[in-house]
Amino acid sequence: MSRQLHGRVVSRLALFTVAMFGFGFALVPLYDVICDVTGLNGRTADEPADQETYVIDESRAVTVEFVALENGYADWEFRPAVTRMTVVPGKAYHTTFFARNRKTEAKVAQAVPSVAPGRAARHFNKTECFCFTRQEFQPGEGRDMPLVFVLDPRLPSDVSTVTLSYTFFELQDTPVAVNNGVQKSGGEGV
Amino acid sequence: MSTDAIAHDDHHDEPAKGLMRWVTTTNHKDIGTLYLLFSLLMFFVGGAMALVIRAELFQPGLQLVDPHFFNQMTTMHALVMIFGAVMPAFVGLANWLIPMMIGAPDMALPRLNNWSFWIMPFAFTLLLATLFMDGGAPASGWTIYPPLSLQTGDAFPFLIFAIHFMGISSVMGSINIIATILNMRAPGMSLMKMPLFVWTWLITAYLLIAVMPVLAGAVTMLLTDKFFATSFFNAAGGGDPVMFQHIFWFFGHPEVYILILPAFGIISQIIPTFSRKPLFGYASMVYATASIAFLSFIVWAHHMFTVGMPLAGELFFMYATSLIAVPTGVKVFNWVATMWKGAITFETPMLFALAFVVLFTIGGFSGLMLAMAPADFQYHDTYFVVAHFHYVLVPGAIFAIMAAVYYWLPKWTGHMIDESLGRKHFWLSVIGVNILFFPQHFLGLAGMPRRIPDYALQFAEFNALSSIGAFIFGLSQLMFLWIVIKTIRGGQQASDQVWEGAKGLEWTLPSPPPYHTFETAPEIK
Amino acid sequence: MSLKQLSRRFGVLAGGGLLMSSSSAWAELGLNMTRGVTSISREAYDLHMLILWICVLIGVAVFGVMFYSMYHHRKSRGAVPAQFHESTTVEIVWTVVPMLILIGMAIPATRALIAMEDTSNADMTITVTGYQWKWKYDYLDEDISFFSTSSTPRAQILNDAEKGEHYLLEVDNPVVVPVGKKIRFLTTAADVIHAWWVPDLGWKRDAIPGFINESWATIEEPGIYRGQCAELCGKDHGFMPVVVVAKTEEDYQAWVSDQKASAGAAAASADREWTLAELMSKGESVYGTACAACHQPSGEGMGDMFPALKGSPVTTAGPVEEHIATVLKGRTGTAMAAFAAQLDDVDLAAVVTYTRNAWGNDTGQLVQPTQIKSLR
């Protein structure tokens, strides 16, 4: 009876399996789209925003906080020039972050931005940012890095404080090296 | 319908002798036995790991193992129990029972069936071998969240490949089950006449095919992140570690139902038998199972309420999750209504089934509490969660598997089980499991995080109590092993029907059934 | 914990079980979720209790019917099975009623959730960064920043000493906050995912490398509130406690100026020349908190994992620069951690000097804070 019947069911299910394997990967771009729309992970755009002209409401003031973080331990000195700014949505502001390579070898780093609350992320437009490119540092080199941003006036009206953080990730040949020795060495005590 | 053609094509009339019988077998009964024995072995391996965990937690301070090894134990215990004990046990039951329940001579694809089993020992050799590797076994929890899981030592690629092999095995097994159920039912066995065990497995098989490939994709991305410099989950390269959690739980939540739906099926077979009354609300049972399966795809983020989601997301996942209580409640009500005005007897399978209904429901209640996001901010990642999922998995899934073994073992072997030993095993298990897991609710509420090898002093009493329960429960499972062996070797001859109230095609066959059954399809009235 | 203690505590457990009224025993055992000290923690507690009681009621009803049936409809009592197997009315009722109960639960849950997610108009912001295995706190407005590490002695963990009252829930530098102020916590991490949790505050929040998460708390009563990391973060996940000290506004301000004064003093002292005696005395205390757990107070180490410093080539004959580099950056593939972020220049100079001169290592060499600064 059923050779053909089985063949049909099996090939359909096999196709479905392959499709679901693909779907797992399709979740990656899908996730990015959802994040862009909802601010799910607080990530801002990684390329310059278009210059837009906004209707400016001078009476509205939003506090922007800057936080500088380092992934890993003390290889970098990294801090914002100011920790806090009061801004009017729709106007462009300029500030800087300072970074210095504490090591005796040249290093490449990538600053990864994150905004809290997440729903403010898509309204945080950066026209110029050191996070758009990799930053190379000579041994001991320190420099100020520029950031120009505009808060979109469409920012939800109940948001009065927005925090922008940058985490400095050192780029290496191998993607993961943070504390790699710790688990490999296994059996040590506390 | 000419079943003869297949029968003669795919297997011999009598089993081959010796070891090669088991290696080359394509007989659904043999393969079912292999799956069940493999699962039993893994149950003891995973159980030994659990006892290491509970022994370390018996008192505060570090006594037996170092923290890194403790983490390996929690991780491996979960992987072995989920993928090695519970899932293969259900597949073994499906192999034994589905063809007999729907009046088919064998599974649709006997050779594929052989392969899907024999991949499993291979996958678990890979997985267990990691215990002896540099850096030890995986220690990042069974959820293998990056970046922590990327710190795993040499074990990492072995873990990933083991998961791939388990996935391939599950998917092949599921395709086989679906093909069998859709194509090989005896004439007259319409879908809505199928026993509920068959129904729950049909839905489970679809779930497996839908989500195991997604897990395979997620772990493949982990692999390339670690070895080929991709940045799926690496923030430095534009990725997001939280995305792994979303993909993982998109697999993980349906996986939870993969571990419980066949158990619902088993309980829905056993309770009517010993109540001597037909199952109440058959159709609503089928619809409830289907809606649980559907809902399982849209609730995954309740495992991640604390990662920082937008309010709208938290609300959506909270509402969707609590909705699952409705079809699950329908099932429980149906079981109780089945017993209502029946003529109930309490043989061992029924005892386990009754304990399942009560204790699984307690696990369901704590699940409902966990669904409430504001309270979950306190419950999350504490022993309250540990208590919750162990209640649904141990007196839930595992009690159902044991009930099934006690229920069908006389059919498989032709020997009745030793009823008095079975009852002793039941009472030890049910007392042990509650001493083991009930105090963990209190530990979690009082603030003890999960996955820690040592704890503050206010958690000492309940941890000691829980450990005592663990040893009672763990050691009483040796009794289960003994009862199974004893029943295989001999015992009172079982009749065809075995249990007075048993209904269904498998009970029309002799006990034990001949090597090949239903080579001519039975008539369904 | 001794067996005697354990049996005493079991006595409490048994007593508590017998006398439900013995509320102090229940409190000591910690049976239930804490009510906490913030509006959020009370919302969580109230919701928890509401749903718990709903579940208990449903449980009593369902199991009641079930046990009634198990007793009265036994075959041994001569029960004759009925043959009904469906009832549309009943099935609709037990689908609709749970739906209504769920809606009843969703209303307070939604209200609580909205309140919890409202981080607007905070009075101050503290960044919490998770490390393997410690926390770092940065006060955004005050320029205060420090690490917070478990201070439970290793001997207690290994059962070589009596465990203290706050075993595993104590730190060297607690995070100090004022009461009555809305504090915004930004959580993030520097290596793997952690989760910052103080039950009395009513929530936990994941700390994710590269991302910041926000939560808030307004603590109502001064006190010391203890919690732990709640997300598996590797080997010492169980050993990274959180301690929050809530102070009145005046006490908090005093603490802030104290911190600034000592930070100023530290900066000044890092630039001057130190004497050997000064460094040795400072070094001994730094060694006690940062090194002695593994290398032992006697400098004799413990097994192969934690080598002896007494008479070791690194601390005696070897070049000072290499010794400093080991302490600063740690050693890959061993248990030796990097201390660059945790200890300041003076601490590091003192502890290196101490280990090169204590326990008969008498090299006579002394390391100045300025030297550490140049080697960072």
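In this predicted model, 79 residues of chain B are in contact with 81 residues of chain C. Helix α12 (residues 325-339) of chain B supplies the largest share of the chain B side of this contact, eight residues. By class, the side of chain B that touches chain C comprises 49 nonpolar, 22 polar and eight charged residues.

**Helix α4 of chain C**

- Helix α4 of chain C covers residues 88-116, and its 29 residues should span 42 Å at 1.5 Å a residue; the end C-alpha atoms are 42 Å apart, so expectation and model agree.
- Buried positions of α4(C) are Glu91(C), Trp94(C), Pro98(C), Leu102(C), Met105(C), Ala109(C), Ala112(C), Leu113(C) and Met116(C).
- An α-helix has 3.6 residues a turn, so residues three or four places apart point the same way.
- On the chain B side, the buried residues of α4(C) pack against α10 (282-295), α11 (311-323), α12 and α14 (373-379).
- Within chain C, the partners of these buried residues are α3 (39-72) and β7 (203-207).

**Nonpolar cores**

- The largest nonpolar core contains 304 residues, and those with the most contacts inside it are Val86(B), Ile267(B), Phe356(B) and Ala403(B).
- Helix α15 (residues 383-413) of chain B gives the largest share of this core, 23 residues.
- Another core, of 26 residues, lies apart from it and includes Tyr73(A), Val327(C), Val346(C) and Leu348(C).
- Ala403(B) touches Ile266(B), Ile270(B), Pro349(B), Phe352(B), Ala353(B) and Phe356(B), when residues up to four places away in sequence are not counted.

**Confidence in chain B**

- Chain B has a mean pLDDT of 93, with 97% of its residues at 70 or more.
- Residues 1-12 of chain B have a pLDDT below 50, and this stretch has 18 contacts in the model beyond near neighbours in sequence.

**Domains of chain C**

- Chain C is assigned domain 1 (1-31), domain 2 (39-74 + 92-116), domain 3 (124-263) and domain 4 (272-375).
- The centres of domain 2 and domain 3 of chain C, taken over C-alpha atoms, are separated by 35 Å.
- Five residues of domain 2 of chain C are in contact with six residues of domain 3 of chain C.
- On the domain 2 side of this contact, α3(C) gives the most, with four residues.
- That side has three nonpolar and two polar residues, and no charged residues.

**Chain A**

- Chain A has two helices and nine strands, arranged along the sequence as α-β-β-β-β-β-β-β-β-β-α.
- Of the 190 residues of chain A, 37% count as buried.
- Among contacts in chain A with a separation of 6 or more, 77% involve residues 24 or more positions apart.
- The domain assignment divides chain A into domain 1 (1-38) and domain 2 (62-170), with centres 40 Å apart over C-alpha atoms.

**Thr152 of chain C**

- Thr152(C) is found in the loop between β3 (144-148) and α5 (154-157) of chain C.
- Thr152(C) counts as buried because 22 other C-beta atoms lie within 10 Å, where the cut-off is 20 or more.
- Leaving aside neighbours within four places in sequence, Thr152(C) is in contact with Ile157(C), Tyr167(C), Leu168(C) and Glu170(C).
- Arg356(C) is 204 residues from Thr152(C) along the chain, and their C-alpha atoms are separated by 26 Å.

Methods: Residues are numbered from 1 along each chain as its sequence is written. Chains are lettered from A and ligands numbered from 1 in the order in which they are written. This is a predicted model: local features need pLDDT of at least 70, side-chain atom pairs count only at pLDDT 80 or more; totals for chains, interfaces and linings use all residues. A nonpolar core is a set of buried Ala, Val, Leu, Ile, Met, Phe, Trp, Tyr and Cys residues joined through C-beta atoms within 7 Å. A residue is buried if 20 or more other C-beta atoms lie within 10 Å of its own, exposed if 12 or fewer, and partly exposed in between; C-beta atoms are placed from the backbone. Two residues are in contact if their C-beta atoms, placed from the backbone, lie within 7 Å. pLDDT is the predictor's confidence in each residue, from 0 to 100. Ala, Val, Leu, Ile, Met, Phe, Trp, Tyr, Cys and Pro count as nonpolar, Asp, Glu, Lys and Arg as charged, and the others, Gly among them, as polar. The expected span of a helix is 1.5 Å times one less than its number of residues. Domain bounds come from an automatic or database domain assignment.
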